[in-house]
Amino acid sequence: MNQESEEELAGPSEEGSEDESLPSRPPGMSDSEAVELLWQVRAQRRQSSPELPETVTRLTASDGSLLYLVGTAHFSDSSKKDVTTVIRAVQPDVVVVELCQYRVSMLKMDEKTLLKEAKEINLEKVQQAIRQNGVMSGLMQILLLKVSAHITEQLGMAPGGEFREAFKEAGRVPFCKFHLGDRPIPVTFKRAIAALSMWQKARLAWGLCFLSDPISKEDVEKCKQKDLLEQTMLEMIGEFPALHQTLVAERDVYLTHTLRQAARCVDVPTGAQKVPAVVVGVVGMGHVPGIQKNWEKELDIQEIMSVAPPSGFGWMLRTVLKAGMIGMLGYACYRAGGGVRRALLSLPTVQSLLETMRPPTPPAA
């Protein structure tokens with residue numbers, strides 16, 4: 001999976017602390033000898049019974065491959081430390097993160113740039129979201145970006161630090177591959193929007209638009225406590241069960257699939273035999289229970305990759321509902337900034353609706 005993403009993502013240079021640096025290649029050493037040396041170095045560094053953070057869950061595949069699943073909070077310094085600790089301790093064959101190809105840019109950007117990007121919702125971001133997801137899903141994505149920007153502003157910290165840490169540390173482990181394990185975000189948003197009624201879409205947009213509760217770093221760290229997380233999930237199920245299904249449960253299935261694909265025996269470069277793989281997965285803590293639940297099940301991801309066509313309402317009903325929904329989302333986006341408003345008014349769909357609702361021009365006298 002994600003072969004193109006793997007080829008595109010060249011890991012960072014293998015540098016770091018003196019303890020983590022790789023040995024220099026002696027003069028005259030052949031390629032096969034150099035490969036064998038690196039394999040031995042990794043084997044020596046790999047700890048068979050490491051002391052792991054309490055946020056780590058260990059799962060075993062049918063062929064004996066091991067998965068160390070790191071549950072994280074996406075705005076957390078301690079999560080970054082957990083990821084570093086685990087990767088350095090187990091020296092994995094594969095690192096899998098909860099990202100897709102549409103969000104891979106956050107791995108290559110520095111913290112300062114990401115902090116600035118997360119705070120700014122401009123015209124370009126709006127247009128890109130709409131191109132990828134369509135009008136309704138795109139506008140909903142912008143509102144979710146607003147939530148992320150709110151947290152970023154409150155904490156002064158860019159999201160996804162644990163994924164960048166995983167990318168950096170994976171580049172320091174010999175022969176380690178880096179996989180993007182999440183379902184493509186356009187599929188997730190389209191399925192989420194399709195699963196909600198018009199009233200639910202309006203309620204969700206309204207709630208996201210007026211989100212202003214203060215958030216502290218202590219609140220973020222509490223997201224790694226399973227009891228608090230389960231309570232939050234239960235609240236979401238009660239209010240938007242369809243949203244929980246598409247944003248959490250379906251992605252649990254997809255992440256489990258990609259993690260199991262990664263947790264397969266690997267070839268030993270110095271011989272013809274295969275050995276069980278060691279994999280580190282980095283996902284939000286909210287996905288850990290679902291991955292554990294699905295780990296040994298038969299999974300079919302085809303059904304969660306499709307987007308159902310819209311139901312057959314009459315033309316007038318579709319027009320009225322879409323106009324009302326765009327109006328609601330338009331006001332919500334107005335609250336998010338002028339750039340969002342300009343992008344909304346420039347959309348052909350909106351212009352077409354405005355044209356149909358414009359009163360006819362009276363005939364000339």
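Start by selecting Ala34, Trp39, Val41, Arg42 and Arg45: these are the buried residues of helix H2. Look down the helix and you will find them within an arc of only 160° around the axis, which puts them on the same side of H2. This is a predicted model, so keep that in mind as you go. Now turn to the other side of H2, where Ser32 and Gln44 are exposed.

Next, show H2 as a whole, residues 31–45. Its end C-alpha atoms are 21 Å apart, and this agrees with the 21 Å that 15 residues should span at 1.5 Å a residue. What lies over the buried residues of H2? Bring up helix H3 (77–90) and strand E5 (266–267), which are among the elements covering them.

Stay with H3 for a moment. This helix has 14 residues and reaches 21 Å from its first C-alpha to its last, close to the 20 Å expected at 1.5 Å a residue. Colour its buried residues: Ser79, Asp82, Val83, Thr84, Val86, Ile87, Ala89 and Val90. Then step just past the end of H3 to Gln91, where phi is positive, at about 45°.

Now for the sheet. Select its five strands and follow the order E1-E2-E7-E3-E4; the sheet is open and the pairing is mixed. Which strands stand at the edges? They are E1 (56–60) and E4 (177–180); each has a single partner strand, so one side of each is left without a neighbour in the sheet. As you move across, the twist averages 20° from one strand to the next.

Zoom in on E1 and strand E2 (residues 66–72), which are joined by five bridges in the antiparallel sense. Pick Thr57 and look across to Leu69, its bridge partner in E2. With this pair in view, bring H3 back: the helix packs on the sheet and touches E1, E2, strand E3 (94–97) and strand E7 (278–284). Its direction makes about 165° with that of E2.

For the last stop, select helix H12, residues 241–262. Where does H12 lie? You will see H12 across E2, E3, E4 and E7, running at about 170° to E3. Keep H3 and H12 displayed together with the sheet: E2, E3 and E7 are among the strands that H3 touches, and H12 lies across these strands as well.

Notes: Residues are numbered from 1 along each chain as its sequence is written. This is a predicted model: local features need pLDDT of at least 70, side-chain atom pairs count only at pLDDT 80 or more; totals for chains, interfaces and linings use all residues. Side-chain values use heavy atoms; hydrogens and water are left out. Helices (H or I, at least four residues) and strands (E, at least two) are DSSP runs, numbered from the N terminus. The expected span of a helix is 1.5 Å times one less than its number of residues. Buried means under 20% relative accessible area, exposed over 50%, partly exposed in between (1.4 Å probe, protein chains only). The arc is that of the directions from the helix axis to the C-beta atoms. Contact means heavy atoms within 4.5 Å. Two strands pair if DSSP finds at least two bridges between them. Axes are lines fitted to C-alpha atoms, for helices over the stretch in contact, and angles run from 0 to 180 degrees between N-to-C directions.
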